[in-house]
Every structure is written in structure tokens, then in C-alpha cells.
Amino acid sequence: ALPILKATFFILGNNAIIRPDLVKMEVKDGHSIGNHTYSHKYKYIYSNTDAFIKDVNKCDTLLKSIIGTGYNSKLLRFPGGSFGAKMSPFRVAIKTAGYHHVDWNDLTGDAEGQNIPVTKLLSNIKNYTKGKEHVVILMHDAPDKQTTVQALPQVIEYLKAEGYSFATLK
């Protein structure tokens, strides 16, 4: 059996509206919830900072309606990450709007395709974790990411063996 560990789930509004039960279950189980925009549509959200903030706020409002008024997380993960100069105005806008964002510094590579082989996901973790004191690992829980779920026990086992501990992001 998997050890009881907590994760941070960055929620897409357009998924949460379809499956609010999953969001409620994640909260009930003690996981933290972050915002991953409502639409995840790059052309729209990154067309200008106003569109971006509007989409993030729409997701925030929806999450509050599902979780309750006690939900006040201002934690955000940019679709595609907030890396690089091109994203600078968006980083400034999100901070001004009262949010703080987090990017990953490690990944399984599950975003690169559908059902990437477990061996490749594990290889990526081992490769990208080397020499890092703290890691924030990008993983996805979408229907076409079944191998991510299959790899998770081995990912956890490897990270624990390397001396890492687990915590949610706040």
C-alpha cells in the first residue's frame, strides 16, 4: 500500500466544474488546492495580462463555490510555467492581483505525451532530481496519464531512498 502522503493539486476550472466531487475529495483527504486557470487555453490566457487575470479569477471563484468560503489559497501554477522574459508581465500581474505562483524544478515528463512508459518517467525523475535539495515535481492526473499513476509508488520509493520528505505547497 502507498504511504499516506499529501499533494498539491493545481485545478483547472473547466475540469472542476465537471467533477466538483473530486475537488471536494482532495480537500477532505487533506491535500492542498491551487489554481491552474479556468481554461488553460494559451492563446486566450496569454493574449494579455487582463485576460490572464480574468481566467485565474474565474477559477478562483469556482473553487470557492465548490470548497466553500474558507478556500482562500492564492497559489497558482501557470499553464506551461512562468519561465522566461516573455512571461515577465504575467508574473508581475499575478503578484499585483494578490496571487503567488510556483513553478516546478523536476518532472516525470508525463506532459510530453500520452501514457509515457513508467521506465521513462522514473528515469526522468532520477535524472532531474540529481543535486537538488528541494524539488517541486510536475505530474499530471488526467485520463491519458495512467502510467503516471502506475509510476507513483516507485517515484515515492526512490525519493524517500534519496532522503526527500514530502509536503504540500502553501
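**Close-up 1. Thr129 and the residues that touch it.** In this predicted model, Thr129 touches Asp106, Val135, Leu159 and Tyr164, leaving aside residues up to four places away in sequence. Thr129 itself belongs to helix 6, which covers residues 118–129. Is Thr129 buried or exposed? Thr129 is buried, with a relative accessible area of 3%.

**Close-up 2. A salt bridge between Arg19 and Asp21.** Here Arg19 pairs with Asp21 in a salt bridge whose closest N and O atoms are 2.7 Å apart. Arg19 is partly exposed, at a relative accessible area of 40%. Asp21 is also partly exposed, with 41% relative accessibility. This pair is one of three salt bridges in the structure.

**Close-up 3. Asp60 and Lys64 within helix 4.** Let us move to helix 4, residues 49–67, where Asp60 and Lys64 sit four residues apart, a separation of about one helical turn. The two side chains form a salt bridge, with 2.7 Å between the closest N and O atoms. Which of these residues is buried? Asp60 is, since its relative accessible area of 5% falls under the 20% limit. Lys64, at 30% relative accessibility, counts as partly exposed.

Close-up 4. Staying with Asp60, we find a salt bridge to Lys74, where the closest N and O atoms are 3.5 Å apart. This pair links distant parts of the chain, 14 residues apart: Asp60 lies in helix 4, while Lys74 lies in the loop between helix 4 and strand 3 (75–76). Lys74 has a relative accessible area of 26% and is partly exposed. Through shared partners, salt bridges join Asp60, Lys64 and Lys74 into one network.

**Close-up 5. Tyr99 touches both Asp60 and Lys74.** What does Tyr99 touch, not counting residues up to four places away in sequence? The contacts of Tyr99 are Asn35, Val56, Asn57, Asp60, Lys74 and Ile94. Asp60 and Lys74 are themselves salt-bridge partners, and Val56 and Ile94 belong with Tyr99 to the largest nonpolar core.

**Close-up 6. The largest nonpolar core.** How many residues make up this core? There are 12 residues in all: Ile45, Tyr46, Phe52, Ile53, Val56, Leu76, Phe78, Met87, Phe90, Ala93, Ile94 and Tyr99. Helix 4 and helix 5 (88–96) are the elements that give two or more residues to this core.

Close-up 7. The structure holds six aromatic pairs. In the pair formed by Phe52 and Phe90, the ring centres are 5.7 Å apart and the planes stand at 90 degrees, so the arrangement is edge-to-face. Because Phe52 is in helix 4 and Phe90 is in helix 5, the pair ties together parts 38 residues apart in sequence. Both Phe52 and Phe90 are buried.

**Close-up 8. Lys58 over the ring of Tyr38.** The charged end of Lys58 sits over the ring of Tyr38, at 4.2 Å from the ring centre.

Notes:
Residues numbered from 1 in each chain as written. Predicted model: local features only at pLDDT ≥ 70, side-chain atom pairs only at ≥ 80, totals over all residues. Heavy atoms only, no water. Salt bridge = Lys/Arg side-chain N within 4 Å of Asp/Glu carboxyl O. Buried < 20%, exposed > 50% of the residue type's maximum accessible area, 1.4 Å probe, protein only. Core = buried A, V, L, I, M, F, W, Y, C linked by side-chain atoms within 4.5 Å. Contact = heavy atoms within 4.5 Å. Phe/Tyr/Trp six-rings, centres within 6.5 Å; stacked < 30°, edge-to-face > 60°. Lys NZ or Arg CZ within 6 Å of the ring centre and 35° of its normal.
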